[in-house]
Amino acid sequence: MADITRRLGWRHLRGTPTAHIRHHRSGQLVHDGSGLSFWFRSLTAALSEIPVDDRELAMTFHARTADFQDVTVQATVTYRIGDPALAAARLDFSVDPDTGAWRGTPLEQLATLLTETAQEHALDVLARTPLSAALTDGVSTVRERLAAGLAAQPRLPDTGIEVVAVRVVALRPEPEVERALRTPAREQIQQEADRATYERRAVAVERERAIAENELASRIELARREERLVEQRGTNARREAEEQAAADAVRADAEAARTVRLAQAEADKVVRLARAAAEQEREVGEARAQARAAWLRVHAEADVATLHALAAMRVAENLPDIESVTISPDVLTGLLAKLGGAGSGAGGAGA
């Protein structure tokens with residue numbers, strides 16, 4: 001909408017870059033273009049504002065397929081006014097010189113024209129298409145038919161309208177039909193999901209079995225290794241015992257040899273000592289024998305008196321110590337008698 005201000009009976013219009021302004025004064029075209037700004041008098045001015053930007057027109061309509069099923073078509077048509085002068089001549093784009101608002105509804109007329117034209121072509125193509133095909137490939141088919149139909153419609157160029165693009169958003173059947181159509185797909189999807197679940201479970205069971213087999217194999221291998229370890233330990237212990245026994249035997253042999261050597265040495269020492277003692281004893285015996293023989297020779301060569309004197313000396317040497325002697329008269333008498341007899345006998349012998 002144009003921006004119009006008042007100044008002392010004059011009006012000032014300021015347009016936008018996307019609006020084409022046409023100003024007639026007294027039947028003569030005074031201003032014609034986009035983004036204009038000018039002064040005018042409202043009593044003699046005829047103004048038209050034609051939008052020249054791209055506009056989106058969303059449309060929704062119902063159609064029936066070849067198998068008599070209702071579908072809803074959602075489409076969007078992008079258009080613009082390519083010839084503002086022609087559009088202003090065919091449609092009422094005049095604006096109020098005081099407010100700048102459209103006096104009519106030109107855009108609604110354009111929307112009705114485009115919607116009815118698009119609906120005509122969409123109904124025609126869907127009437128020859130079954131519902132399944134329409135739901136599968138209907139979007140592209142309807143879009144192509146709408147684009148071709150709008151491009152071939154002569155009224156649009158005659159009105160200065162250019163169709164920029166056509167988009168078909170969706171083709172939807174009735175809710176009951178849509179649910180019925182979804183059921184097989186849902187069942188198939190559910191079957192696929194169930195099959196995937198079963199396969200996943202089977203894979204999980206297979207993996208669990210493989211894991212269990214691996215664990216069992218690991219346990220068997222571990223037991224085998226433990227058995228080999230026990231055997232190796234037994235072998236090591238047996239070898240250690242054998243080596244210990246061999247070492248003990250070597251030590252015993254060495255100790256026995258050492259004991260034998262010590263015993264032999266001791267025996268040799270005892271023999272030597274015995275021999276030395278015997279030799280000493282023999283020498284002592286020989287010395288005693290020689291001394292005895294010498295003693296006997298001395299005694300044999302000595303006279304009887306000397307022998308008696310020696311005997312008396314020996315007896316005196318062997319007598320115990322006598323501190324006091326008590327001699328009775330009888331003993332003294334007998335002793336004197338003996339001494340007297342012995343003296344007389346000796347004198348007679350000497351004579």
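1. Helices and strands are DSSP runs numbered from the N terminus, a helix having at least four residues and a strand at least two. The model discussed here is predicted. In the protein there are seven helices and 10 strands.

2. The first point concerns an annotated region. The unreviewed UniProt entry places the feature "domain: Band" at residues 32-197.

3. The next point is overall form. For 351 residues, a compact globule would have a radius of gyration near 20 Å, whereas the protein has 80 Å. Along the principal axes, the C-alpha atoms fill a box of roughly 235 × 65 × 40 Å. The domain assignment gives domain 1 as 3-173 and domain 2 as 178-264. The centres of domain 1 and domain 2, taken over C-alpha atoms, are separated by 84 Å.

4. Burial and contacts can be stated for the whole protein. Of the 351 residues, 21% are buried. When contacts between residues at least 6 apart in sequence are considered, 63% of them join residues at least 24 apart.

5. Which residues touch the most other members of the largest nonpolar core? They are Met59, Ile81, Phe93, Leu110, Leu126, Val142 and Leu146, in a core of 33 residues. At least two residues of this core come from each of β7, β8, α2, α3 (131-152) and β10. Helix α2 supplies the largest share, eight residues.

6. Leaving out residues up to four places away in sequence, Ile81 touches Ile50, Pro51, Val52, Ala87, Phe93, Leu110, Gly160 and Ile161. There is also a second, separate core of nine residues, which includes Ala2, Ile21, Phe40 and Leu47.

7. Is Thr117 buried or exposed? Thr117 has a relative accessible area of 6% and is therefore buried, the cut-off for burial being under 20%. Gln119 has a relative accessible area of 25%, so this residue counts as partly exposed.

8. The contacts of these two residues complete the picture. Apart from neighbours within four places in sequence, Thr117 is in contact with Leu150 and Gln153. With neighbours within four places again left aside, Gln119 is in contact with Phe61 and His62. Gln119 and Phe61 are 58 residues apart in sequence, yet their C-alpha atoms are 7.0 Å apart in space.

9. Charged pairs form the next topic. Side chains of opposite charge can pair when their charged atoms come close. The count for this model comes to 18 salt bridges. One of them joins the side chains of Arg80 and Asp54, with 3.5 Å from N to O. This pair links distant parts of the chain, 26 residues apart: Arg80 is in strand β8 (residues 70-81), and Asp54 is in the loop between β6 (45-51) and β7 (55-64). Arg80 is partly exposed at 31% relative accessible area, and Asp54 is partly exposed at 44%.

10. Why can the salt bridge between Glu56 and Arg167 be said to tie together parts that are 111 residues apart in sequence? In this salt bridge, the closest N and O atoms are 3.0 Å apart. Glu56 lies in strand β7 and Arg167 in strand β10 (residues 161-173), so the pair ties together parts of the chain that are 111 residues apart in sequence. Arg167 has a relative accessible area of 39% and is partly exposed.

11. Two further cases deserve attention. Arg64 and Asp70 meet through their side chains in a salt bridge of 3.3 Å, N to O. Arg64 counts as partly exposed at 47% relative accessibility, and Asp70 counts as partly exposed at 30%. Elsewhere, a network of salt bridges links Glu221, Arg224, Arg225 and Arg228.

Notes:
Residues are numbered from 1 along each chain as its sequence is written. This is a predicted model: local features need pLDDT of at least 70, side-chain atom pairs count only at pLDDT 80 or more; totals for chains, interfaces and linings use all residues. Side-chain values use heavy atoms; hydrogens and water are left out. UniProt positions are given in the numbering used here, feature names are shortened, and annotations may be inferred rather than shown by experiment. Domain bounds come from an automatic or database domain assignment. Buried means under 20% relative accessible area, exposed over 50%, partly exposed in between (1.4 Å probe, protein chains only). Contact means heavy atoms within 4.5 Å. A salt bridge is a side-chain nitrogen of Lys or Arg within 4 Å of a carboxyl oxygen of Asp or Glu. A nonpolar core is a set of buried Ala, Val, Leu, Ile, Met, Phe, Trp, Tyr and Cys residues joined through side-chain atoms within 4.5 Å. The radius of gyration is taken over C-alpha atoms; the globule rule is 2.2 Å times the number of residues to the power 0.38.
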